[in-house]
Amino acid sequence: MSDILMPKATAVWLVDNTSLTFEQIADFCGLHPLEVRGIADGDVARDIRGADPLVNGQLTREELDKAQADEAYRMKAVVSRHAELLKSTKPAPKYTPVSRRQDRPDAILWFVKNHPEVTDAQIAKMLGTTKATIESVRNRTHWNSANIKPVDPVTLGLVGQLALDDLVKKAAEKKARDDAKSGGATLKSAAEVDEAPAEPEFVPEAAERRGAEPTAESVFGSRD
């Protein structure tokens, strides 16, 4: 059974204009057979105007004829192109089972200690937590700080390994880009560079002493 627009209004039209059974109408419109019976008796949807599913493009004449010829047949609705376009493409918020919510501080501390390049916003999105909670874990002001220990979120079953690897990779790449924009490592100024040791002063006499050939007088001394 496909979701259709205006199910009660469609049921009203099918009750008034076809020979379908209550069960067939209920199955097509997503209603309970007793609710369809109530429509037929005038107790339900009394002020609702019927909507023709043939005109609305939600049912074909062939499907309707098959169903009226066979009470066991269940009609298949035509998927509305407009209904598909109206469906939200935004993913549903991440839900963490209650039994695992107490494990999130451990996973937060693991991120803080092992991957400081991952931002609080990224941690909050992945673990389904808040920036305030992350800050309290980081500053050891969390109400349960004494029992919080760093544990891999994959081990805790909060995220998958591929998702975690992808997050860490993106965070590292972003940090590298930010470092590059800020200039990275800077050269030391002249004042910060250690002065080179000064060369010994050149003394001619010393050079002569080092380079002069030995003489008999210098070796054996003077005879005077």
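A residue counts as buried under 20% relative accessible area, as exposed over 50%, and as partly exposed in between. These terms are used throughout this report on a predicted model.

**Confidence and overall make-up**

The mean pLDDT of the chain is 79, and 70% of the residues reach 70 or more. Over residues 189–194 pLDDT stays under 50, and the model has one contact beyond four places in sequence for this stretch. Where pLDDT is low, the predicted coordinates should not be read in detail.

The chain contains 13 helices and zero strands. Of its 224 residues, 29% are buried. The accessible surface of the chain is about 16200 Å², and carbon and sulfur atoms account for 53% of that area. Among contacts between residues at least 6 apart in sequence, 61% join residues at least 24 apart.

**Helix 2 and its surroundings**

Helix 2 covers residues 22–29, and its buried residues are Gln-24, Ile-25, Ala-26, Phe-28 and Cys-29. The cover over these buried residues includes helix 1 (7–17), helix 3 (33–41) and helix 4 (61–69). After helix 2 comes Gly-30, which has a positive phi near 75°.

Lys-8 is partly exposed at 33% relative accessibility, and Glu-35 is partly exposed at 23%.

**Nonpolar cores**

The largest nonpolar core has 21 residues, of which Phe-111, Ile-123, Met-126, Leu-127 and Leu-164 touch the most other members. At least two residues of this core come from each of helix 7 (104–114), helix 8 (120–127), helix 9 (131–138) and helix 11 (161–181). Helix 7 gives the largest share, five residues. A second, separate core has 20 residues, including Ala-11, Val-12, Trp-13 and Leu-31.

The count of aromatic pairs is one. The pair consists of Trp-110 and Phe-111, with ring centres 5.3 Å apart and planes at 80°, an edge-to-face arrangement. Trp-110 has a relative accessible area of 15%, so it falls under the 20% limit and is buried. Phe-111 is buried as well, with a relative accessible area of 0%.

**Salt bridges**

The chain has six salt bridges. Three of them are listed here.

| Pair | Closest N to O distance |
|---|---|
| Arg-138 and Glu-135 | 3.1 Å |

Arg-138 and Glu-135 are three residues apart in helix 9, so about one helical turn separates them. Arg-138 is partly exposed at 33% relative accessibility, and Glu-135 is partly exposed at 34%. These two residues also belong to a network of salt bridges that includes Asp-120.

Lys-174 and Asp-178 are four residues apart in helix 11, so they too are separated by about one helical turn. An α-helix has 3.6 residues a turn, so residues three or four places apart point the same way. Lys-174 has a relative accessibility of 39%, which makes it partly exposed. Asp-178, at 35%, lies between the limits of 20% and 50% and therefore counts as partly exposed.

Definitions and conventions:
Residues numbered from 1 in each chain as written. Predicted model: local features only at pLDDT ≥ 70, side-chain atom pairs only at ≥ 80, totals over all residues. Heavy atoms only, no water. pLDDT = per-residue confidence, 0-100. Contact = heavy atoms within 4.5 Å. Buried < 20%, exposed > 50% of the residue type's maximum accessible area, 1.4 Å probe, protein only. Areas by Shrake-Rupley, 256 points an atom, 1.4 Å probe, with all protein chains shown as cover. Core = buried A, V, L, I, M, F, W, Y, C linked by side-chain atoms within 4.5 Å. Phe/Tyr/Trp six-rings, centres within 6.5 Å; stacked < 30°, edge-to-face > 60°. Salt bridge = Lys/Arg side-chain N within 4 Å of Asp/Glu carboxyl O.
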